[in-house]
Amino acid sequence: MSAPVPSPPGAPLRVLAVIPGSASGPSFIFAKRQMADVQELGVDVRHFWLGERTSPWGLLAEWRRLRRTLAELRPDLVHAHYGTVTALVTALAGARPLVITYRGSDLNGTPAVSRLRAATGILFSRLAALRADAILCVSEQVRGRLWWGRAAAEVLPSGVDPDVFRPQPRAEARAALGWSEDERVVLFNSSRQAERKRLDLARAAVAVAARLVPGTRLEVLDGNVAPSRIVTYMNAADCLLLTSDNEGSPNVVKEALACDLPVVSVDVGDVRERVAGVTPGAVVARDPERLGAALAEVLRAPARSNGRAAVAGITTHRIAERIVETYRRVAGGRGGATP
């Protein structure tokens with residue numbers, strides 16, 4: 001693969017973003033939004049949607065298609081937005097300079113798949129790091145899973161948009177959803193990953209809470225709610241519950257904090273760091289009785305939290321600025337985008 005042709009002086013930095021899935025739908029919405037934020041800062045962003053990640057022949061075809069795309073676009077750098085097959089195919093296609101963002105399950109593994117497949121995905125993620133010119137990890141825990149490049153890797157969580165996720169009157173949000181004012185609602189995001197997100201544990205914990213605070217129920221976001229409607233659910237709910245087996249830097253927690261929605265969670269990913277100093281809410285053991293008791297503590301006298309202040313430093317705009325700073329460093333200062 002030939003080296004990229006530097007952008008003319010003053011021209012926007014040319015970046016090819018490699019993202020699993022397709023341009024449509026909610027899949028990897030956080031990566032799509034992140035690149036849109038980067039584009040607003042003056043970067044010329046193009047996308048390569050990696051449509052196949054399991055079939056060997058399909059992956060070979062995608063590898064060839066990516067090489068053709070690289071030859072045609074000659075980007076200043078390539079940004080792979082996930083580890084496993086996505087990062088490895090991008091690295092093997094000769095993409096340089098290469099930035100890789102590791103988001104959690106790519107280095108932690110996914111319990112919902114076979115052990116062999118999960119271990120293979122983690123191995124692919126670690127091997128891809130050998131070819132990376134810059135590594136971004138969404139949490140310190142994720143960075144700790146790297147074999148190579150750990151010292152130079154930067155911890156950079158996905159940002160939250162404070163203009164989208166913001167506090168709104170609870171009564172208005174409930175009226176929009178048709179919810180009763182009297183019920184206590186615990187919000188849970190399973191996002192079509194009920195097993196990994198531990199919907200079973202969430203249900204057990206809410207059952208405990210309902211015994212302590214009658215009228216409590218669980219509202220599950222199963223991936224069928226439009227992203228634009230999530231903020232309404234957060235402002236209508238009394239608490240967010242997170243019970244996942246593993247996470248990197250769960251966006252749902254940051255979005256809840258931006259809405260001043262209390263959070264009760266197990267100690268996973270960077271949640272403890274994100275909710276430090278936020279009340280009401282709690283980080284407790286992975287046990288239905290402990291989780292249920294923590295929920296009941298929040299639900300007895302529902303109140304909004306002070307979470308919005310906790311995410312002030314990780315807005316989408318600020319994270320996009322830091323990504324562009326990384327791009328300019330990796331690309332040797334080329335491009336006209338201003339961080």
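Predicted model: local features only at pLDDT ≥ 70, side-chain atom pairs only at ≥ 80, totals over all residues.

Modeller: Residues are numbered from 1 along each chain as its sequence is written, and side-chain values use heavy atoms, with hydrogens and water left out.

Colleague: What makes N246 buried or exposed?
Modeller: Buried means under 20% relative accessible area, exposed over 50%, and partly exposed in between (1.4 Å probe, protein chains only). N246 has a relative accessible area of 10%, so it is buried.

Colleague: And how do you know that the side chain of N246 reaches the backbone oxygen of G109?
Modeller: The distance is 3.2 Å. A polar contact is a pair of N or O atoms within 3.5 Å; within protein, one must be able to donate a hydrogen and the other to accept it, and residues adjacent in sequence count only if both atoms are side-chain atoms.

Colleague: Why is the pair D245 and R286 called a salt bridge?
Modeller: The rule asks for a side-chain nitrogen of Lys or Arg within 4 Å of a carboxyl oxygen of Asp or Glu. For D245 and R286 the N to O distance is 3.8 Å, and the side chains meet in a salt bridge. D245 lies in the loop between β9 and α11 and R286 in the loop between β11 (281-284) and α13 (288-299), so the pair ties together parts that are 41 residues apart in sequence. By this rule the count comes to 21 salt bridges.

Colleague: Why does R196 have no salt bridge?
Modeller: The nearest side chain of opposite charge, E247, is 4.2 Å away, and the salt-bridge rule stops at 4 Å. R196 is buried, and its side chain has a polar contact of 2.8 Å with that of Q193.

Colleague: What makes β4 and β5 a pair?
Modeller: Two strands pair if DSSP finds at least two bridges between them. Four bridges join β4 (residues 98-102) to β5 (residues 134-137), which run parallel.

Colleague: Why do β2 and β6 stand at the edges?
Modeller: The open sheet has the order β2-β1-β3-β4-β5-β6. β2 (44-50) and β6 (154-155) each have a single partner strand, so one side of each is left without a neighbour in the sheet.

Key:
Lys, Arg positive; Asp, Glu negative; His and termini not counted. Helix = DSSP H or I, 4+ residues; strand = E, 2+ residues; numbered from the N terminus.
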